[in-house]
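Let's take a walk through this one together. Have the model open and follow along.

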Amino acid sequence: MPCSTHKYEYISRDFAEDAMIDQHIYKGFLPHQGPQDVYECQICGHWHLTSKSTSRNERLQEMMDSGELKRKQEASKWEGRF
Ligand SMILES: [Zn+2]
C-alpha cells in the first residue's frame with residue numbers, strides 16, 4: 001500500500017541511508033541542502049528521507065567530515081562531463 005506521505009519508501013534504514021548519500025553525491029548538494037536524515041514511518045512502517053531533521057544523519061556527517069562526500073561529488077561531476 002503506498003504511503004500517504006507520498007515519499008519514496010525504503011525497506012530498511014540501510015537502503016534509505018544509501019539513497020540519501022547517493023542523492024548528495026549525484027545532485028551535488030551543499031551540506032545543508034537535500035535530505036539530512038532517514039526515519040521509520042509510523043504510517044507505512046518503511047523508511048523515508050527527510051530534509052527537516054534537526055540533526056544530521058551520522059553516516060552522512062561522517063562522509064562530510066572525512067571529505068569523502070566532496071571527493072565523490074567531484075568524481076561524479078567529472079563522470080557527467082564525458
Ligand atoms: Zn510512510
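We'll start with the overall layout and then settle on one helix and one of its residues.

Keep in mind that this is a predicted model, where local features need pLDDT of at least 70, side-chain atom pairs count only at pLDDT 80 or more, and totals for chains, interfaces and linings use all residues. Residues are numbered from 1 along each chain as its sequence is written.

The protein chain has three helices and two strands, and reading along the sequence gives you α-β-β-α-α. Helices here are DSSP runs of H or I with at least four residues, strands are E runs of at least two, and both are numbered from the N terminus. The C-alpha trace spans about 40 × 30 × 20 Å along its principal axes. Of the 82 residues, 18% are buried, meaning that 20 or more other C-beta atoms, placed from the backbone, lie within 10 Å of the residue's own.

Now look at H1. This helix has 15 residues and reaches 21 Å from its first C-alpha to its last, close to the 21 Å expected at 1.5 Å a residue (that is, 1.5 Å times one less than the number of residues). Its buried residues are Ala-16, Glu-17, Met-20, His-24 and Ile-25. Just after H1, Gly-28 takes a positive phi of about 60°.

Met-20 sits in H1, which covers residues 13-27. Why does Met-20 count as buried? Because 24 other C-beta atoms lie within 10 Å of Met-20. Leaving out residues up to four places away in sequence, Met-20 touches Pro-35, Val-38, Leu-49, Asn-57 and Leu-60, where a contact puts the two C-beta atoms, placed from the backbone, within 7 Å.

Definitions and conventions: A residue is buried if 20 or more other C-beta atoms lie within 10 Å of its own, exposed if 12 or fewer, and partly exposed in between; C-beta atoms are placed from the backbone.
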